[in-house]
Amino acid sequence: MQRIKVWNLPVRLFHWSIVVLIAAAWVTQEFNLMDWHVWCGYAILTLLLFRVIWGFVGSDTARFTRFLKSPIAALRHLAHLRRREEDREIGHNAAGGWMVLVMLALLGVQAGTGLFSNDDGNTEGPLMHLVDKEQSDWLSKIHALNFNLILAVIVLHVLAIVAYAMLKRQNLVRPMLTGRKDMPGEVAAPRLVSPVWALVSLAVSVGIVVWVVGV
């Protein structure tokens, strides 16, 4: 066995920042801290754009072309969930890759609808003026419903982590904390892109969000 680096800092920071921001978005909405809720939305949108860019120019384990397999491959992987075997996945497995895509899509819907939504009070999305009130109300309902879908996917994600730990004896959390993973000796380490390019990608994402919302 060898310990290799599979996740560099940009992906790990993205992952845990999204966890914090989703929790913060829920708390600020529940306690009617809508100014802070809006800023959480801007931050989520910025990180989402960063992750999409990084999915094309980032490290091997972050690229969509590397971890997105066919739906059949994902189902085949899930069919072997109860089989205890050596972990040979450098990054996301076939099922995990689709989980990432679903979560990114849901976050995109959440951030996108938030730009046009309103709470029938003092808070309006920065792009609400581009639609009429009826359309904004409809998008606001989608915004609320979609958050429940995000919570469902989070629960499913946590259950998957527990299942892998119990059934396969595979720790999926530790690599996302340390960036490193114990792999068989013949497995080649992935190519990791310099964090400088992550900063460039983040700067582009910030610029896009500032331009869209007019902060």
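User: What makes R169 count as exposed?

Analyst: In this predicted model, R169 has a relative accessible area of 55%, and because exposed means over 50%, R169 is called exposed. R169 sits in the loop between α6 and α7, and its phi is near 60°, a positive value in a residue other than glycine.

User: Why is N32 called exposed?

Analyst: The relative accessible area of N32 is 57%, and the label applies over 50%, so N32 is exposed. N32 belongs to the loop between α1 and α2, and although N32 is not a glycine, its phi is positive, at about 60°.

User: Why is α4 described as oblique to α5?

Analyst: The axes of helix α4 (residues 71–79) and helix α5 (residues 94–114) come within 7 Å and cross at roughly 120°. Roughly perpendicular covers 65 to 115 degrees and roughly antiparallel begins over 145, so with a crossing angle of roughly 120° α4 is oblique to α5.

User: Which residues of α4 and α5 meet, and how many of them are nonpolar, polar or charged?

Analyst: From α4, P71, A73, A74, H77 and L78 meet A94, A95 and W98 of α5. The residues of this contact divide into seven nonpolar, one polar and no charged.

User: How do you know that β1 and β2 are paired?

Analyst: Pairing requires at least two bridges, and strand β1 (residues 2–5) is joined to β2 by four, with the strands running antiparallel. Strand β2 (residues 180–183) has K181 and M183 on its covered face, whereas R180 and D182 are on the uncovered one.

User: Which residues touch the most other members of the largest nonpolar core?

Analyst: I18, W54 and L107 do, in a core of 30 residues. At least two residues of this core come from each of α1, α2, α3, α5 and α6, and α5 gives the most, with six residues. Leaving aside neighbours within four places in sequence, L107 is in contact with I18, I22, I44, L48 and I150.

User: What does L81 touch, not counting residues up to four places away in sequence?

Analyst: L81, in the loop between α4 and α5, touches A163, Y164, L167 and K168. Although L81 and Y164 are 83 residues apart along the chain, their C-alpha atoms are separated by 7.5 Å.

Note on methods. Residues are numbered from 1 along each chain as its sequence is written. This is a predicted model: local features need pLDDT of at least 70, side-chain atom pairs count only at pLDDT 80 or more; totals for chains, interfaces and linings use all residues. Side-chain values use heavy atoms; hydrogens and water are left out. Axes are lines fitted to C-alpha atoms, for helices over the stretch in contact, and angles run from 0 to 180 degrees between N-to-C directions. Angles under 35 degrees count as roughly parallel, over 145 as roughly antiparallel, 65 to 115 as roughly perpendicular and the rest as oblique. Contact means heavy atoms within 4.5 Å. Ala, Val, Leu, Ile, Met, Phe, Trp, Tyr, Cys and Pro count as nonpolar, Asp, Glu, Lys and Arg as charged, and the others, Gly among them, as polar. A nonpolar core is a set of buried Ala, Val, Leu, Ile, Met, Phe, Trp, Tyr and Cys residues joined through side-chain atoms within 4.5 Å. Buried means under 20% relative accessible area, exposed over 50%, partly exposed in between (1.4 Å probe, protein chains only).
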